[in-house]
Amino acid sequence: ALSGIRRIAIAGNTTMGHLLMGYSCETLGVYPFDPVNIDTTEVTFGELFGEAGAENTLTEEGAQIPVVLLPGISTYVGADISAGMLSCGFDCSEKVNVLIDLGTNGEMAIGNREKILVTSTAAGPAFEGGNISCGMGSVPGAICQVKISGTEVSCGTIGDRPPVGLCGTGVIETACELLKAELIDETGMLDEDYFDDGFVLAKTPSGEEISFTQKDVREIQLAKAAVRAGLETLMLRYGVTYDDIDTLYLAGGFGFHLNLEKAAAIGLIPEELLDRAKAVGNSSLGGAAVWLTEPGAAE
């Protein structure tokens, strides 16, 4: 039932907003990548969900609850990033900050209340466990922490459940630990002992091996390089050096805390910014909450 709900705010990427509103997605994937509508959009709960939201519980009052879709910036920098910047306080900061959303589209922003530049990079789904041979989403049993010493491997999983696969943070930690143990060289080549079959991290309860392969190393290299190239380009365009950046905010739907030291060790974030880096989790949701609760947020 919807009793007690006064307003609803939705912050999502442009594609998700289009699907929700029933717009055509045809133009999103072809040049010049024009969205149908990324402005602030206000509808009622009844208009948006109609029969689907009814389930015999939708009162006249419930149908009138205002729903606002937060505004996006472009097709590939959606309302989730606008909301993220809002939750990180870009709109009132005098100092220059950076927000990086570690996901398939690797969106990022640099700036302060005077000027903001944004871009997105084709990072691919490795940070979300996609395209990884034993990869999975951030669900209970996904390996999210990895430590390698000598030939010993210890893994932590989400919810401390028996291991069933590897989520995004696990991918970053595995790459870092293999690098540290010199089982990957500086080009990303796995040690010949593991080149063919991968490096075994753990076994599932049914005895299947969870391994990290040469292809997986290449996937995380691609994702990492895309993000790093995006950041370096934005900084160049904005005309700042590492010294000028106040805070580097890292967002993403990891479902588990990102180890910033390990992210820096594989070059995902610059070592120079490690002491100013902050993992902020789901900043899209954070921004939607700010929108609903803080006066002036809409502006």
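**Aromatic rings and their partners**

Author: Happy to! Let us start with a charge: the charged end of Lys-115 sits over the ring of Tyr-238, 4.6 Å from the ring centre. Please keep in mind that this is a predicted model.

Now to rings that meet rings. A pair of aromatic rings is described by the distance of the centres and the angle of the planes. The structure holds 5 aromatic pairs. One of them joins Phe-33 and Tyr-76 edge-to-face, at 5.7 Å centre to centre with 75° between the planes. This pair links distant parts of the chain, 43 residues apart: Phe-33 lies in the loop between α1 (14-21) and β2 (41-44), and Tyr-76 in the loop between β3 (66-69) and α4 (79-87). Phe-33 is partly exposed, with a relative accessible area of 33%, and Tyr-76 is partly exposed too, at 32%.

Another pair is made by Phe-90 and Tyr-249: their planes stand at 45° and their centres are 6.5 Å apart, so the pair counts as tilted. Here again distant parts of the chain are linked, with Phe-90 in the loop between α4 and β4 (96-101) and Tyr-249 in strand β12 (residues 245-251), 159 residues apart. Phe-90 is buried, with a relative accessible area of 1%. Tyr-249 counts as buried because its relative accessibility is 11%, under the 20% cut-off.

Note on methods
Residues numbered from 1 in each chain as written. Predicted model: local features only at pLDDT ≥ 70, side-chain atom pairs only at ≥ 80, totals over all residues. Heavy atoms only, no water. Phe/Tyr/Trp six-rings, centres within 6.5 Å; stacked < 30°, edge-to-face > 60°. Helix = DSSP H or I, 4+ residues; strand = E, 2+ residues; numbered from the N terminus. Buried < 20%, exposed > 50% of the residue type's maximum accessible area, 1.4 Å probe, protein only. Lys NZ or Arg CZ within 6 Å of the ring centre and 35° of its normal.
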